[in-house]
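Biologist: I am new to reading structures, and I would like to learn with a real case on the screen. Could we go through it one feature at a time?

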Amino acid sequence: MGLYGEYIMKLDEWFEKNRYKCQSFSNIKRLVRLKKEKGLTISLCIPTLNEEKTLGKVLDTVKPLMDKHHLLDEIIVIDGNSTDSTKDIAEMRGAKFFRDSEILRRYGSVGGKGDALWKALYVSQGDIIIFLDADIKNIHPRFVYGLIGPLLTQNNINFTKAFYRRPIKVGEKIVPLGGGRVTELLIRPLFNMYFPELSAFIQPLSGEYAGRREVLEKLSFFTGYGIETSLLIDISKKYGLETMAQVDLKKRVHRNQDIASLSNMSFGILQVFTKRANTMGKLIQVKDIRRSYNTIERYRNDHNKIDYKMKPKLIREKQRPPIITINEYRKKFNKESDPSWEKYTLQKIVYTDLDGTMIDHHTYSYIDSLDAINLLKKKKIPIIICTSKTRAEIEKYRISLNIRDPFISENGGAIFIPKNYFKFEYSFDKETSKYKIIEFGTSVETLRKILDTIKQQGYRITTFEDMSETQLAKDAGLKKEEAQAAKLREYDEAFKIRNKKDTEKITQIITDEGYNHTKGGRYAHIMGQNDKGKAVLILTELFRRKYKDLGRETKTIGLGDGQNDIPMLKEVDIPIIVKNTANPELDVDFDVKRTRQNGPKGWSRSVKELI
Ligand SMILES: [Mg+2]
């Protein structure tokens, strides 16, 4: 159930407990009193597209709830470019009228009901927002007070959804249907299969619902008919089914759409459904979410005979980000200083060096960073080890710390992504039984040839290859099996310059040969055109894609202590230099935070402060 849900409620219990009747809330004076006590305001938003036939009656019916009873604070009509008299009707009756294409123009206009609702969040003011479709023929105040009721009487309810009987004519008979046709033929089977907790909604696609602004503003909005589906999936995932309720509004009469429109609508809903199911790993990845929908048309051909043709139609559900991530919105609602929204809309990622940062420079121990590591794991914040160490060395830390996120080896030589970590397709260079590998580095064999020519010119250097396991163990203060792992280099060779005064000449030769060099805590390194920064950039792109699907923006934190960490620190949103008294203080020409304490102690403290 909900990621942040405090407890898990059984579905049948939820069905009984969180199902309300509109008549329980017909005492409007009581609702108004509760609203005042809680200091809340309420906006009614009606999306329209050529609704001149029904809009007038809808507005006449709900208007007294604002003017006379003061249950509503505003009534807003968000219009998708109607060509009939929708605008005049709305304005004549004192509703605030907006064209959705004129709201937040910078973000473009996609059209579609979902886009209108997303933009309604921006132009409305209320703490509670209720959405009503304009095509209700039997409109009654219960549509409003029924949906608002649970939100005013129950503090734990975030979202209410309407259900009702929807009589339709089948042949000559009027039959009541539970859901609509799309619900019964498409959504209910899909929910039962993949999101069974949502199968208890009687009318998951009903267009009447209400929610708290603090919740709605933190959700992605799909722009078309998929909006109802994504709201149910996302609210139940982020806030828990126990914060949702459904309300019986008795009966709803409206015009029935023809089967061709319902077919198109279903395809949009299926796009949204597939997207969410993919992201949550519930469906095998569909390579591309198709937007072209083939419909079949019957027509009379040139010989006046009935024939069939295929007619592709473009149906596109675009995903809008949570509106709270939009600067204009945060400014307007004064949310700049309130960091609580980040929890729902921001995903942090930590990139970290190992030596002298997450682990101790001398002892290689992570005892002082363990608290913070566990906190990161608990908060599901990926920990990306990004170091000059080899794959074999990093694997040991990943196993003992039980970290399962991708990692970057040998100064950005390659990114190792555990198979199935990202559920979408992306390009990579190599595949092993455990990883998909994106390579940036030059093979170590080529790099060693350059070091050989340096030796031949009389410079005294000792490479990891030159040292035996025992020698390296002694020199680096490692255990023998650790030295063995350190020697398993793939994209970078580490070496020691015997005479410090040769440093400049040696690095010049490396540069002239077209390779790169850097200095870690203990050793110099030669490598290809890779650096930690390039790998961080590519991996962050993959994370952005993953979390964007979940409606979250990505914020990266980087922690390092050496010169080889600078490219990584440049590519992250929050760079942190960890103090390391074994090395001279690192100088950079961009803004960084610096830890006060040394090594893992400083590392741990900054990580805890940031999350
Ligand atoms: Mg280091």
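Modeller: Let's begin with strands: two of them pair when DSSP finds at least two bridges between them. Strands (E, at least two residues) and helices (H or I, at least four) are DSSP runs, numbered from the N terminus. Residues are numbered from 1 along each chain as its sequence is written. What you see is a predicted model, in which local features need pLDDT of at least 70 and side-chain atom pairs count only at pLDDT 80 or more, while totals for chains, interfaces and linings use all residues.

Biologist: In what order do the strands of the open sheet of four strands stand?

Modeller: The order is S21-S22-S24-S23, and the pairing is antiparallel. S21 (461-463) and S23 (516-519) are at the edges with a single partner strand each, so one side of each has no neighbour in the sheet. On average, and ignoring direction, neighbouring strands here are turned by 30° against each other. Such angles come from axes, lines fitted to C-alpha atoms (for helices over the stretch in contact), and run from 0 to 180 degrees between N-to-C directions.

Biologist: How many bridges join S21 to S22?

Modeller: Three, between S21 and the antiparallel S22 (residues 492-497). Look for Ile-461, which has Ile-497 of S22 opposite. Helix H15 (residues 444-456) lies across S21, S22 and S24 (524-527), at about 25° to S22. For "lies across" we use contacts: two residues touch if their C-beta atoms, placed from the backbone, are within 7 Å.

Biologist: Which strands form the open sheet of five?

Modeller: That sheet has parallel pairing and the order S16-S15-S25-S26-S27. Its edge strands, S16 (383-385) and S27 (593-598), each pair on one side only. From one strand to the next, the twist averages 25°. Four bridges link S25 (residues 553-560) with S26 (residues 574-579), and Gly-560 stands opposite Ile-577 in S26. Helix H19 (residues 532-549) lies across S15 (346-352), S16 and S25, running at about 150° to S25.

Biologist: At what angle do the axes of helices H2 and H6 cross?

Modeller: At roughly 45°, with the axes of H2 (residues 28-37) and H6 (residues 142-153) coming within 10 Å. Therefore H2 is oblique to H6; under 35 degrees would be roughly parallel, over 145 roughly antiparallel, 65 to 115 roughly perpendicular, and the rest is oblique. The contact is made by Ile-28, Leu-31, Leu-34 and Lys-35 of H2 with Tyr-145, Ile-148, Gly-149, Leu-152 and Thr-153 of H6.

Biologist: How does H7 lie relative to H10?

Modeller: H7 (residues 181-194) and H10 (residues 259-279) have axes that come within 10 Å and cross at roughly 15°. That makes H7 roughly parallel to H10. Among the contact residues are Leu-186 and Leu-190 of H7 and Ile-269 and Phe-273 of H10.

Biologist: Is Pro-600 buried or exposed?

Modeller: Pro-600 counts as buried because it has 26 C-beta neighbours inside 10 Å. This proline lies in helix H21 (residues 599-610). Pro-600 and Gly-356 are 244 residues apart in sequence, but 6.9 Å apart in space, C-alpha to C-alpha. Beyond its neighbours within four places in sequence, Pro-600 has contacts that include Met-358, Ile-359 and Tyr-366.

Biologist: Which loop holds Leu-104?

Modeller: The loop between strand S4 (96-99) and helix H5 (113-123). Leu-104 has a positive phi of about 45° although it is not a glycine, and this leucine is buried, with 20 other C-beta atoms within 10 Å. Asn-334 is another residue other than glycine with a positive phi, near 60°. Its place is in the loop between helix H11 (327-332) and helix H12 (342-345), and Asn-334 is exposed, with 8 other C-beta atoms within 10 Å.

How values were computed: A residue is buried if 20 or more other C-beta atoms lie within 10 Å of its own, exposed if 12 or fewer, and partly exposed in between; C-beta atoms are placed from the backbone.
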